[in-house]
Amino acid sequence: MPIRLLPANLVNQIAAGEVIERPASVVKELVENSIDAGASRVVVELREGGKSFISVTDDGHGMRPPELELAIERHATSKLPDDDLVHIGFFGFRGEALPSIGAVGRLSIASRARGAEEAWIIRVEGGMKTGPEPTALSAGTRVELRDLFYAVPARLKFLKTARSEQNAVVEILERLAMAHPDVAFALTDDGRNVLRLDAAKADLVDQPGAAQLKRLGDVMGRDFSDNAVALDVEREGFRLSGFAGLPTLNRATSSMQYLFVNGRPVRDRLLQGAIRGAYQDFLARDRHPLVALFIDCPPELVDVNVHPAKAEVRFQDAALVRGLLVGGIRRALDAAGHRASTTVAGQTLAALAPMSGVSAPPASYAAMPRSGGGFSAGAAQAAMSACAPLSSEMARPSMPVAPAPEAAPNDYPLGTARAQLFGTYVVAQTKDGIVIVDQHAAHERLVLERMKAALAGQGVRRQALLIPEIVEMPSKLTNALLSRAAELEELGLVIEAFGNDAVAVREVPALLGQSDVKSLARDLAEEILELGAAFKLKERLEDICGTMACHGSVRAGRQLTGPEMDALLRQMEATPHSGQCNHGRPTYVELKLSDIERLFGRR
Ligand SMILES: Nc1ncnc2c1ncn2[C@@H]1O[C@H](COP(=O)(O)OP(=O)(O)OP(=O)(O)O)[C@@H](O)[C@H]1O
Ligand SMILES: [Mg+2]
C-alpha cells in the first residue's frame with residue numbers, strides 16, 4: 001500500500017480523538033478560550049448534558065473575519081507570539097482545539113471584535129467551512145456545537161447518560177472557575193440553571209485572598225471556607241498560595257483536592273502524594289483532607305506540554321515543589337493551633353436538636369473540688385483503674401494555672417474545667433460557651449506532638465523503673481519488639497531480652513507518666529508485628545504514639561483532679577494540632593452559649 005498524506009479532516013479527527021472525549025472536554029476547550037480572550041462573563045448552555053448541543057458565550061475581545069478563518073485552521077494560534085514553547089501565558093498554545101471540535105460535530109463561531117461595527121459568523125461541518133458572513137451579536141464570541149460525534153459514531157457509543165455528562169461539565173467548569181474568581185460563570189442544561197458563580201464584588205477584590213476564598217466556598221461549600229487556613233509561601237521562584245482545610249474536615253475520597261499550576265487545573269500524582277504526606281500525622285489513612293492550592297512559577301520551570309488535554313504538568317525540580325507543599329501546608333496547620341473545625345459543633349448540635357424536650361438520662365456527674373483532692377466518682381468510673389498522679393511532664397502547665405472556679409470565666413480558649421463526666425470527658429466553661437474534651441483523644445494527640453518535638457530536639461526523656469518490669473509474651477511478639485529495640489529506645493522505651501518468652505522493660509517515656517508497662521509492651525509488640533518490617537517506627541509515629549497514649553495516665557476512665565484537667569486544657573492550647581486526635585477525629589467540641597440558648601428556644 002502506498003504511503004499517503006491524510007486529508008485535513010481526518011487529521012483533525014485524529015487530533016480530536018486525543019482531546020475531545022466527551023461534552024466536558026469541549027466545554028473545557030471553549031471556556032479556556034473565553035478566559036484567554038479576557039472575558040469577565042462566560043455562559044455555557046447545554047442540551048442533553050451537551051450530547052446534542054453545547055454553546056459557550058463570552059464577552060471577551062472577540063475576533064474579526066480574517067481571525068475567524070484562521071481560528072478554525074489547524075496549528076493557528078494567537079497565543080505564542082515568541083515562537084517558543086517555554087513562555088506560555090495562556091491556556092491555549094497548540095491552535096488545535098477549534099479545528100478538532102469542528103471535525104467531530106457541527107460547529108459555528110460568531111464573534112464581534114471589540115470596537116467593531118458588526119459581528120461575523122463562520123461554520124464548519126464535517127470539515128466543510130462556510131462563511132464568514134454577517135450575523136447579529138452584541139459583543140464577544142459565541143461558539144455553538146451541535147451533534148457532537150455525529151461524524152465519529154464509534155465515540156458516540158461511549159457517551160454516558162445526559163446526567164453524568166452534565167456532572168462532568170459542572171466539574172470542569174468549577175475547576176476553571178476556582179482559579180478565576182473575577183470571572184462570572186453560568187451553566188444551564190435544557191433551559192434549567194445548573195450552576196451560577198457570580199464574580200467577586202469590588203469590596204472583596206481589595207482584600208488579598210478574600211475573593212478567592214469566596215469563590216472556593218461557592219464551589220467547595222461553606223464548610224470549607226469556614227474551616228480552611230490560608231497559605232502563602234515562596235521558595236526559589238515558586239509561590240504556593242490557597243487554602244488548606246483543617247484535618248477535622250475530611251472526606252472518604254480525595255475528590256475535594258484541587259490543584260492549580262499557573263492558573264491551570266491539574267491532576268498530579270506527585271502533588272497529591274505531597275498533600276497526603278503533609279496531613280499524614282493528622283488523618284487516618286482512609287480519610288482525605290480538602291484543599292485548594294495554587295502553585296505559580298515562571299513558565300520555564302514547568303512544562304505544560306506533556307498531556308494531550310493539558311491535565312498534567314512536569315516540574316523541572318519536582319522535589320522542590322513537593323517540599324514546598326508539605327512544608328507550606330504543615331506550617332499553615334501549625335498556625336491553626338488547637339482549632340477544630342466548626343462543622344464539629346454543627347454536627348453536635350444537629351445530633352442534640354431532636355433530643356430537646358426529651359428528658360435526658362442523668363449523667364454521672366462529679367462536681368469538682370479545685371483543691372485537687374478526691375471527688376465523688378460516678379458509677380461509670382467505679383470499675384476503672386485507681387487514680388495515678390499525672391506525670392510531671394504532662395501536668396506541668398505551659399500557661400498559668402487557671403483561677404478558682406468562683407472567679408469569672410477566664411479568657412482561655414478552652415476555658416476552665418468544671419467537671420469530669422463518665423471518667424472520660426472534661427467539661428470546661430469558656431467566656432461564652434462550654435467545651436467538652438475527650439481526655440483520651442486529647443492526651444493521645446499531646447503525646448504525639450511531644451514525641452515529635454522531642455525527636456526533633458533533645459530526644460525523648462526517659463524514666464527508669466525502680467525494678468525492671470518483666471513482660472511475658474509469645475516469642476513471636478518478643479522477637480518483634482526486640483528487633484526494634486534501638487528504635488524504641490529513641491522513643492523512650494528501653495527493653496532487653498529476658499529468656500525466650502519475655503522482655504524486661506527498664507525505662508519508659510517520661511511523658512507517659514505512670515503507665516501500665518505490661519500491656520504497653522504487649523500492645524506495642526502487636527502493633528509492630530502488624531506494621532511489618534518495611535516501616536521505620538518514626539514513620540508510623542502516630543500509630544506508635546496512639547498505642548503508647550492508650551497506656552498513659554490520661555487514658556479514658558481515669559479520674560482527673562481539677563488542676564490535672566486544667567493542665568490538660570492549657571497543654572492543648574499550647575500544642576499545635578491538638579484539635580484533632582491522630583485519626584482526624586476531634587479532641588474537643590465547643591458549644592457557644594448562643595447555640596445552647598437556641599437549643600432551649602431562648603433565642
Ligand atoms: N472565545 C474566543 N474569543 C476570542 N478569540 C478566540 C476565542 N476562541 C478562540 N479564539 C482565537 O482562535 C484561536 C484558535 O483557538 P484554539 O482553541 O483552536 O487554539 P488555541 O487556544 O490557540 O490553542 P489550544 O489548541 O491549545 O487551545 C485562538 O488562538 C484565539 O486567537
Ligand atoms: Mg484554545
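This is a predicted model: local features need pLDDT of at least 70, side-chain atom pairs count only at pLDDT 80 or more; totals for chains, interfaces and linings use all residues.
## Basis

Local features require pLDDT of at least 70 and side-chain atom pairs pLDDT 80 or more, while totals for chains, interfaces and linings use all residues. Residues are numbered from 1 along each chain as its sequence is written, and side-chain values use heavy atoms, without hydrogens and water.

## Overall chain

The protein chain contains 21 helices and 25 strands; these are DSSP runs, helices being H or I of at least four residues and strands E of at least two, numbered from the N terminus. Of its 603 residues, 50% are buried (under 20% relative accessible area, 1.4 Å probe, protein chains only).

The accessible surface is about 28100 Å², with 53% belonging to carbon and sulfur atoms (Shrake-Rupley method, 1.4 Å probe). Among contacts (heavy atoms within 4.5 Å) between residues at least 6 apart in sequence, 72% join residues at least 24 apart.

## The five-stranded sheet

Five strands form an open sheet of mixed pairing, in the order β9-β10-β15-β12-β13; two strands pair if DSSP finds at least two bridges between them. Strands β9 (228-235) and β13 (264-266) are the edges, each pairing on one side only. On average, neighbouring strands are turned by 20° against each other, direction ignored.

Strands β10 (residues 238-245) and β15 (residues 291-296) run antiparallel and are joined by six bridges. In β15, F294 is the bridge partner of S241.

## Helices on the sheet

Helix α10 (residues 269-279) packs on the sheet and touches β10, β12, β13 and β15. The direction of α10 makes about 125° with that of β12 (axes are lines fitted to C-alpha atoms, for helices over the stretch in contact, with angles from 0 to 180 degrees between N-to-C directions).

Helix α6 (residues 162-178) also packs on the sheet, touching β12 (257-261), β13 and β15. The direction of α6 makes about 55° with that of β12.

Terms used:
Chains are lettered from A and ligands numbered from 1 in the order in which they are written.
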